Amino acid sequence: MSRVYNFSAGPAVLPEEVLREAAEEMMDYKGSGMSVMEMSHRSKVYDTIMKEAEADLRELMGIPDNYRVLFLQGGASQQFAAIPMNLMKNKVADFIVTGQWAKKAYQEAQLYGKANKIASSEDETFSYIPDCSDLPVSPDADYVYICENNTIYGTKFKTLPNTKGKTLVADVSSCFLSEPVDVTKYGLLYGGVQKNIGPAGVVIVIVREDLITEDTLPGTPTMLKYKTHADARSLYNTPPAYGIYICGKVFKWLKKMGGLTVMRQRNEEKAKLLYDFLDESKLFKGTVRPEDRSLMNVPFVTGNEELDAKFVKEAKEAGLENLKGHRSVGGMRASIYNAMPREGVEALVAFMKKFEEENL
């Protein structure tokens, strides 16, 4: 069977080159006589895999020496609790709520202290990013929290909020490694890897060293303390070993492709193909304010639920998979992450044109 174009929001498309390499190494990784899936996380061979993955990620993102890189489990959602447990010293945090995941993080933080919603776009179904140039940041806030790219709603912060000197914490799950980033603008950034980097089961946390302390909230489990994992170099317990191995391969693929500046250019070109069509289409329309559009997730609708369902069904038959929108918003959504080739977006646009001609 031939490969389909997979527009899933996550777990999502991975580079074919990486999948082929992993397949070749499945039974015998570099002469070890075993699969990475089977090997001890304490072995020399695996230690090299971990060290190379971290070094390559640091190089790709330009991560300064005073930031630690943690490869963890529990998905991004577990960080909704870990972040306040580790960072909420004054028991106050400010949230900019621009989608489901920021909303969930905001709700979780309320279990640990005072969570303030200082801006939101929920009034228009999260279809835009609010103006964050002069927000009422709490004087005693431990951090200001954002979800930088909203997978469900297809919005992206093009300018980071003015946190008025407070630590910025960002969930970057669905825009991770899609473009260059200045890590020094964040105290902590993190993301589940299953959208743009690897298989589900790994979350990467990049955190400034001064934020990693013994001084966590009372009752913080050992496994949710950043210090536990920083001191043990992400090997306090058995890590999601195979997932990290695949992430490491993706980092090497990104370096080979030319790094994050090249990825941003590729991603901008792919997104432009789709957005340009949506802007001129008589049947389909994008749901996001143009200036806030994501390069990674593109939601669109016909305005007719039956027609949306017909589109998703016929697209699937044409080898264009996972185009159904999130259940909370309906319609369609194309996730066009790093590993989605330009040809996939071209095939989608061609199909949309044909569908429009047949259904107008």
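# Loops, rings and strands in a predicted model

Biologist: Phe126 sits in the loop between β4 and β5. What is the phi of Phe126, about how many degrees?

Modeller: This is a predicted model, so the angle is a computed one. Most residues other than glycine have a negative phi. Phe126 is not a glycine, yet its phi is positive. The value is about 55 degrees.

Biologist: Is Phe126 buried or exposed?

Modeller: Buried means under 20% relative accessible area. Phe126 has a relative accessible area of 3%. That value is under the cut-off, so Phe126 is buried.

Biologist: And Thr125, is that residue buried or exposed?

Modeller: Thr125 lies in the loop between β4 (114-120) and β5 (143-147). Phi of Thr125 is positive too, near 50 degrees. Exposed means over 50% relative accessible area. Thr125 has 52%, so it counts as exposed.

Biologist: Which residue does a cis peptide bond join to Gly10?

Modeller: Most peptide bonds are trans. Here omega is about -5 degrees, and the bond is cis.

Biologist: Turn to the rings. How many degrees lie between the planes of Phe311 and Phe355?

Modeller: The whole structure holds 14 aromatic pairs. Phe311 and Phe355 form one of them, with 5.2 Å centre to centre. The pair is edge-to-face, and the angle between the planes is 90 degrees.

Biologist: How many residues apart in sequence are the parts that this pair ties together?

Modeller: Phe311 lies in helix α8 (residues 305-317). Phe355 lies in helix α9 (residues 342-359). Both Phe311 and Phe355 are buried. The pair therefore ties together parts separated in sequence by 44 residues.

Biologist: Which residues form one aromatic cluster with Phe311 and Phe355?

Modeller: Phe311 and Phe355 pair with each other. One aromatic cluster takes in both rings.

Biologist: How many bridges join β2 to β10?

Modeller: Strand β2 (residues 67-72) is mostly covered, with five of its six residues buried. Strand β10 (residues 203-208) runs antiparallel to β2. Leu72 stands opposite Val203 in β10. The number of bridges between β2 and β10 is six.

Biologist: Past β2 comes Gly74. How many Å separate the C-alpha atoms of Gly74 and Ala200?

Modeller: Gly74 is in the loop between β2 and α3 (75-87). Its relative accessible area is 42%, so Gly74 is partly exposed. Gly74 and Ala200 are 126 residues apart along the chain. Their C-alpha atoms are separated by 9.9 Å.

Biologist: What is the volume of the largest cavity?

Modeller: Rolling a probe the size of a water molecule over the atoms shows where empty space is left. The count comes to one cavity of 30 Å³ or more. The volume of the largest cavity is about 50 Å³.

Biologist: How many charged residues are in the lining of that cavity?

Modeller: The lining includes Val13, Leu14, Pro15, Trp253 and Asn338. Eight of the lining residues are nonpolar and two are polar. The number of charged residues is none.

Biologist: Asn338 turns up again as a contact of Asn267. What is the relative accessibility of Asn267?

Modeller: Asn267 is placed in helix α7 (residues 260-280). Beyond four places in sequence, its contacts are Ser178, Leu295, Met296, Ile336, Tyr337 and Asn338. Asn267 counts as buried, with a relative accessibility of 0%.

Definitions and conventions:
Residues are numbered from 1 along each chain as its sequence is written. This is a predicted model: local features need pLDDT of at least 70, side-chain atom pairs count only at pLDDT 80 or more; totals for chains, interfaces and linings use all residues. Side-chain values use heavy atoms; hydrogens and water are left out. Rings of Phe, Tyr and Trp (its six-membered ring) pair if their centres lie within 6.5 Å; planes under 30 degrees apart count as stacked, over 60 as edge-to-face and the rest as tilted. Helices (H or I, at least four residues) and strands (E, at least two) are DSSP runs, numbered from the N terminus. Buried means under 20% relative accessible area, exposed over 50%, partly exposed in between (1.4 Å probe, protein chains only). On a 1 Å grid over the protein atoms alone, a cavity is a set of points where a 1.4 Å probe fits but cannot get out, and a pocket is an open set with protein on both sides within 12 Å along at least five of seven lines; lining residues have an atom within 4 Å of a point. Grid points are joined across faces, edges and corners, and a volume is the space filled by probe spheres set on the points. Ala, Val, Leu, Ile, Met, Phe, Trp, Tyr, Cys and Pro count as nonpolar, Asp, Glu, Lys and Arg as charged, and the others, Gly among them, as polar. Two strands pair if DSSP finds at least two bridges between them. Contact means heavy atoms within 4.5 Å.
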